[in-house]
Amino acid sequence: LPFLLRVGRTDDWGWSLAPVQAEGAPESPRDRADGRGQRFGHVGRQLRFCSRQLSRSEHEHAWLTPSATFTLYLKPVEGCRSRGIQGQWECFDGFQGTMHAPTWAGSCITFEIQQQQQQAAEQAASDAENPRQLSGTLRIHFAEGNSIALNLSFRATEDACQLKEGHLDLFVGQLGQGQPCYWLRGEDGQQPDDGREEEEVPQAELSPLVLVLTMGMFFGTGHGPVPAPSRIPPGLPSLEAAFATFMAGPSVNRMQPATSEQGATA
């Protein structure tokens, strides 16, 4: 890394690693404005490592969930509908494996659906035995404004825009093997039956989305292919619980995932 990391301790006897500004390094206007006083580039500002003590069940959950699995909790921002994945979403919380990954918060994820004419042409050229598919581009803009967007292509079933739950495959460039992902929409919000068209419903009234990504394309596991996810990893908050915590405000501690074992003993 082009900068040092400072080792610290956390309140629960864990450890932390945070970037350290090199002695004499100039401070950028942006860093001064947001109070960071550090000049590491967008990568350095994203890096925050910390550990915490785990219960027995949390150790078991961590063993079951590969570190190449990212669980992102998203709220609708623009162009989203009551069903499906289309539109722009903002991440309000995230996990890598079962480890809390708060630097995902504020990142934007956009699903851009391919035009129907182009999809029809590609479908006609594909194997007739394959089910009809929905395809498009997934754009990830990290919370730091100077970061470069990560563009991936995706494929899902044709009815993905009408579903509340489903799967999709992510592709990098021309790679033939896709990375399997799982997505789930939350419970419908309180939408008044006032005859509004779906496009007229405010984004804030739409349900959130959770996206479980398997990013083995970037993070080798050393244990073969990452299995396709079919739900939120065990031990992580449900979509409803994560969204309720987010809406409760920053004073709520998000470091401890809510587990059924913890709920039974509380």
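**A charge over a ring**

Begin by selecting R155 and F171: R155 lies over the face of F171, 4.5 Å from the ring centre, where a charge sits over a ring if NZ of Lys or CZ of Arg is within 6 Å of the ring centre and within 35 degrees of the ring normal. This is a predicted model, in which local features need pLDDT of at least 70 and side-chain atom pairs count only at pLDDT 80 or more, while totals for chains, interfaces and linings use all residues. Residues are numbered from 1 along each chain as its sequence is written, and side-chain values use heavy atoms, with hydrogens and water left out.

**Aromatic pairs**

The structure holds eight aromatic pairs, counted for rings of Phe, Tyr and Trp (its six-membered ring) whose centres lie within 6.5 Å, with planes under 30 degrees apart taken as stacked, over 60 as edge-to-face and the rest as tilted. Select F111 and F154 next: their ring centres are 5.4 Å apart and their planes stand at 80°, so the pair is edge-to-face. This pair links distant parts of the chain, with F111 in strand β7 (residues 108-113) and F154 in strand β9 (residues 150-157), 43 residues apart; strands are DSSP runs of E, at least two residues, numbered from the N terminus.

Are F111 and F154 buried or exposed? F111 is buried at 3% relative accessible area, and F154 is buried at 1%, buried meaning under 20% relative accessible area (1.4 Å probe, protein chains only).

Then select Y73, F92, F95, F243 and F246, which ring pairs link into a cluster.

Finish at T71 in strand β4 (residues 69-78), which is buried with a relative accessible area of 0%. Beyond its neighbours within four places in sequence, T71 is in contact (heavy atoms within 4.5 Å) with residues including D93, G94, F95, V210 and L236.

Conventions. Helices (H or I, at least four residues) and strands (E, at least two) are DSSP runs, numbered from the N terminus. Buried means under 20% relative accessible area, exposed over 50%, partly exposed in between (1.4 Å probe, protein chains only).
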